[in-house]
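Dear colleague,

Please look it over before reading the notes under it.

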Amino acid sequence: QAGPPQRNNSDVISNMFQWTWNSVARECTQVLGPQGYGYVQVSPPQEHIQGSQWWTSYQPVSYRIESKLGTRAEFKAMITACNNAGVGVIADAVINHMTGQTGGTGWAGTTFSLENYPGPDGGYSPQDFNSCKRNIANYGDRYEVQNCRLVALQDLATGNTYVRQEIARYLDDLASLGVAGFRIDAAKHIPATDLEAIKAATTQAKNLYWIHEVIGAPGEPVQPSEYLGSGDSHEFGYGRALKDAFDGDIASLQNINNRGFLPSNRAGVFVDNHDTERNNETMTYQWGAKYKLGNIFMLSYPYGSPSTYSGYTFSNKDAGAPQNGQGKVNDAECTSGAWTCAHRWPEIANMVGFHNTVNGTNLSNWQSPTRNVIAYNRGNKGFVALNNTNSATTREFITTLPNGRYCNVVASNTCTQTFTVSGGKVSVTLPAYGAVALHTGALDGVTPDPDPD
Ligand code: LM2
Ligand code: CA
C-alpha cells in the first residue's frame, strides 16, 4: 500500500492551493467526500507576512493559526467538516525558515525584525538561525543547501534543541486540531536527521502521515530517498516524465517507474503542483486536454500515491488568488474559470473512483498500437485507453474486465457514453486527445457503490 493510510477507501490527495478554510470545508462535504477523495492538502495555515502575492504563505512570522486563508476556529471547523465527509486534512508545514523580510507586522499583528520573532508560538531570536547568512547558490553543495538561505528566507537552525521543540510544538498544535498529516515544505533544505529529531520530539504529530517535499534533481548531493526515515517523499521525476511523454510519445510511459524513481510505496506523485505550474517543469492546466490525459494516467497507473492539483488561472506567476473580496471559492468561481476547480472535472474526479476501485490490482496487457495510443488493464476491475493524437481513433483492445456494459467515466458524470466488454475484448472510439476509462464500480444501469469493500 502506497502513501497515506486509506481514508474514505482512498489514498488520493486533492491539493487545494490557496483555498480558504471555509471554502475547503464546503468542498469536502459537497465534492471531495462524495467523489471518494481520501485527503485534502491545504496551503500553509500559520501567520505570514502581509502582501497580495500567493507566496506570502511561505513566509512565516509566527506559528499562530491565523492567516489570509482563515482563522484558527475556521481551520478547526474545516477539519471537522472534512473528517465528517471522510476526508483527512494534510497541512503544508513551513518549518525550514521564517520570512525573508527584515521587519514588519505579520498578518495577525505579530511585529518582527530580522531573526527576531516574539512568539509565543514560533518565538525565535538570532541564536535560533543558522550562521550562514548568504543565499543558496550552489545546489551541488550540501552544506549550503541546508544551512544557507533559500531565496533570502531566514534559515532556522534545525540542529538546535530549542528550534526542534518549537517546530514540534507547532506540529503538535496542528495535530491537536485534527490534521491527518503534513507536507513538509522545503524538506531538502532541512537535514534528514533534523527532521527525524523534530518528528521524535512531537507527541501526537509523529503518529500522522508525513510527506517531504524534496525536489530531487539528478547529480545533487541531497536526494529524496534520504528522507524516508521520517515519511514519504515526493517523486518530482514523475511529473517531469509525464510532461516529456505527453509532449509526444506516451508509449514511453510503460514502466515509468523503472528510471531510478523512489519505491512506489514511498513516493508521492503529481502531474503538477503550485511551483511546477509556474516554472515549466510539468504540464499545467494550460495544456488542456493533454493535462487531463496526464491526470487520467496518474490515477490509473499503479505507481506512487497521487495528488491531484487544483489552483487558479493566472498570467502573472506572483499574482495572489482571485478571492472575490472575501477569500472564498464557490461554484461561480469554478464556472467562471477564475479557479480551475480541476478536482471537479470528470476526467479527474471520476478517476478517483477508478483509482479506488482498482486498488491492489496489478497492471496487465499493456497495449500500444502506436506511440501515442496506449491501453492497459488493472486486474479484472479496470481498463483505460488514452489517445494523445489530434485525431479520433476506433480500436479493439484486450481487456480483463468481465463481460458487461460499462460507463466511460471520463466522458461525463451521468453515464452518457458506454462500451461493451465481451469475451475479453472491447472496441472503443477514442476522441482526439481523449480517453476511455471503464471500471467495475461504474456499470451502466448499476448505481455506483460510493463505498466499495
Ligand atoms: C517551497 N518548497 O520548497 C515552496 O513550495 C515554494 O513555493 C516556496 O517559494 C519555497 N519553497 C519557500 O517556502 C515561494 C515562491 C518564492 C517566494 C517564496 C517566499 O516560489 O518566489 O520568494 O515562496 O515567499 C519570494 C520572492 C523572492 C524573495 C523571497 C523572500 O519571490 O524573490 O527573495 O520572497 O523575500 C529575495
Ligand atoms: Ca535549512
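The notes below go from the whole chain to single residues.

Please keep in mind that this is a predicted model.

Overall build. The protein chain holds nine helices and 20 strands. Its radius of gyration is 22 Å, close to the 22 Å that the globule rule gives for 453 residues, so the chain is as compact as a globular protein of that length. The C-alpha trace spans about 70 × 45 × 40 Å along its principal axes. Of the 453 residues, 54% are buried. Among contacts in the chain with a separation of 6 or more, 72% are between residues 24 or more positions apart.

Strand 18 (residues 418-422) and strand 19 (residues 425-430) run antiparallel and are joined by two bridges. V421 has V426, in strand 19, as its bridge partner.

Helix 6. This helix covers residues 236-246 and is mostly covered, with eight of its eleven residues buried. The buried residues include F236, Y238, L242 and F246, and K243 is also one of them. Strand 10 (232-234), strand 11 (267-270) and helix 7 (289-300) are among the elements that cover them.

Ligand 1 and A152. There are 13 residues around ligand 1, of which W55, Y58, G100, A152 and A186 come nearest. The shell divides into eight nonpolar, two polar and three charged residues. A152 is found in the loop between helix 3 (142-147) and helix 4 (161-177). A152 is partly exposed, with 16 other C-beta atoms within 10 Å.

Backbone points to check. Most residues other than glycine have a negative phi, and most peptide bonds are trans. A152 is not a glycine, yet has a positive phi of about 70°. N9 also has a positive phi, of about 55°, although it is not a glycine. N9 lies in the segment before strand 1 (13-16) and is partly exposed, with 18 other C-beta atoms within 10 Å. G119 and P120 are joined by a cis peptide bond, with omega about 10°. P120 lies in the loop between strand 6 (117-118) and strand 7 (123-124).

Regards

Definitions and conventions
Residues are numbered from 1 along each chain as its sequence is written. Chains are lettered from A and ligands numbered from 1 in the order in which they are written. This is a predicted model: local features need pLDDT of at least 70, side-chain atom pairs count only at pLDDT 80 or more; totals for chains, interfaces and linings use all residues. Two strands pair if DSSP finds at least two bridges between them. Helices (H or I, at least four residues) and strands (E, at least two) are DSSP runs, numbered from the N terminus. The radius of gyration is taken over C-alpha atoms; the globule rule is 2.2 Å times the number of residues to the power 0.38. A residue is buried if 20 or more other C-beta atoms lie within 10 Å of its own, exposed if 12 or fewer, and partly exposed in between; C-beta atoms are placed from the backbone. Two residues are in contact if their C-beta atoms, placed from the backbone, lie within 7 Å. A residue is near a molecule or strand if its C-beta atom, placed from the backbone, lies within 6 Å of it. Ala, Val, Leu, Ile, Met, Phe, Trp, Tyr, Cys and Pro count as nonpolar, Asp, Glu, Lys and Arg as charged, and the others, Gly among them, as polar.
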